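Please read the following account alongside the sequence and the coordinates.

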Amino acid sequence: MDAKTALQDALATADMIGNAYLSDLSDAEFMQRPHPQCQHINWQVGHLIASEHGMLSGIAAGKMPPLPEGFEEKYGKDTAGCDDPAMFASKAELMDAYRAQRAGTLAVLEGLSPAELDNETGVSYAPTVGSTISMQGTHWLMHCGQWVIVRRNNGKPIVI
């Protein structure tokens, strides 16, 4: 297996797990926090989408689809403590933005040569283009554990 295929597979696995945990949650459940000191799922998903857009734009300027207007402001650090659903996108809007950004990430990956995956980014936590792409799936999986808590608190079935 080559590096691009491994990255595609890792992103697909993260997509499958993340979507399994989110698929049957309502908009109201998206506004629940797994712990008072954690962000609610809506904010977390918006943060993941904005982060993916920002990180991929950093390695492939102008190649990612635009985010919805005002999206980055809704999901910045200043809104992490807000519990007003009116301040955030709906679950459907979030999932549409997620699918658009993930398609952009996969298109960027498809357009890279294997050698370009080793290009340095200057970012400590994702020092190469390949590690930046890998980080997209990993970042989603980092948050998935918090979503399981919300699922358990709401009596949702085990999906994975």
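The paragraphs below describe a predicted model.

In soluble globular proteins, nonpolar side chains tend to be buried together. The largest nonpolar core here comprises 27 residues, and Leu22, Val45, Ile49 and Trp147 are those with the most contacts inside it. Helices α1, α3 (41-59), α5 (91-110) and α6 (129-153) each supply at least two residues of this core, and α3 gives the most, with six residues. Leu22 illustrates the packing: leaving aside neighbours within four places in sequence, Leu22 is in contact with Phe30, Ile41, Val45, Lys91, Met95, Trp140 and Trp147. A second, separate core has 11 residues, among them Leu7, Leu56, Met64 and Leu117.

Aromatic residues come next. A pair of aromatic rings is described by the distance of the centres and the angle of the planes. The structure holds four such pairs. In one of them, the ring centres of Phe71 and Tyr75 lie 4.8 Å apart with the planes at 35°, so the pair is tilted. Phe71 and Tyr75 are both buried. The rings of Trp140 and Trp147 have centres 5.9 Å apart and planes at 80°, so this pair is edge-to-face. Trp140 is buried at a relative accessible area of 4%, and Trp147 is buried at 0%. Ring pairs also link Phe71, Tyr75 and Phe88 into a cluster.

Helix α1 (residues 3-22) contains Lys4, a residue that calls for separate attention. Not counting residues up to four places away in sequence, Lys4 touches Leu109, Glu110, Leu112 and Leu117.

Leu11 is also found in helix α1 and counts as buried at 2% relative accessibility. Outside the four places on either side in sequence, Leu11 touches Arg102, Thr105, Leu106, Ile133, Gln136 and Gly137.

The count of salt bridges comes to six. Asp15 forms one with Arg102, the closest N and O atoms being 2.3 Å apart. Asp15 lies in helix α1 and Arg102 in helix α5, so the pair ties together parts that are 87 residues apart in sequence. Both Asp15 and Arg102 are buried. Salt bridges that share partners join Asp15, Glu52 and Arg102 into one network.

A further salt bridge joins Asp24 and Arg151, with the closest N and O atoms 2.5 Å apart. This pair links distant parts of the chain: Asp24 is in the loop between α1 and α2 (27-30), Arg151 is in helix α6, and 127 residues separate them. Asp24 is partly exposed, with a relative accessible area of 29%, whereas Arg151 is buried at 0%.

The side chains of Arg33 and Asp83 also meet in a salt bridge, at 2.8 Å from N to O. Here a loop between α2 and α3, holding Arg33, is linked to a loop between α4 (71-74) and α5, holding Asp83, and the two residues are 50 residues apart. Arg33 counts as partly exposed at 21% relative accessibility, and Asp83 is partly exposed at 46%.

How values were computed:
Residues are numbered from 1 along each chain as its sequence is written. This is a predicted model: local features need pLDDT of at least 70, side-chain atom pairs count only at pLDDT 80 or more; totals for chains, interfaces and linings use all residues. Side-chain values use heavy atoms; hydrogens and water are left out. Helices (H or I, at least four residues) and strands (E, at least two) are DSSP runs, numbered from the N terminus. Contact means heavy atoms within 4.5 Å. A nonpolar core is a set of buried Ala, Val, Leu, Ile, Met, Phe, Trp, Tyr and Cys residues joined through side-chain atoms within 4.5 Å. Buried means under 20% relative accessible area, exposed over 50%, partly exposed in between (1.4 Å probe, protein chains only). Rings of Phe, Tyr and Trp (its six-membered ring) pair if their centres lie within 6.5 Å; planes under 30 degrees apart count as stacked, over 60 as edge-to-face and the rest as tilted. A salt bridge is a side-chain nitrogen of Lys or Arg within 4 Å of a carboxyl oxygen of Asp or Glu.
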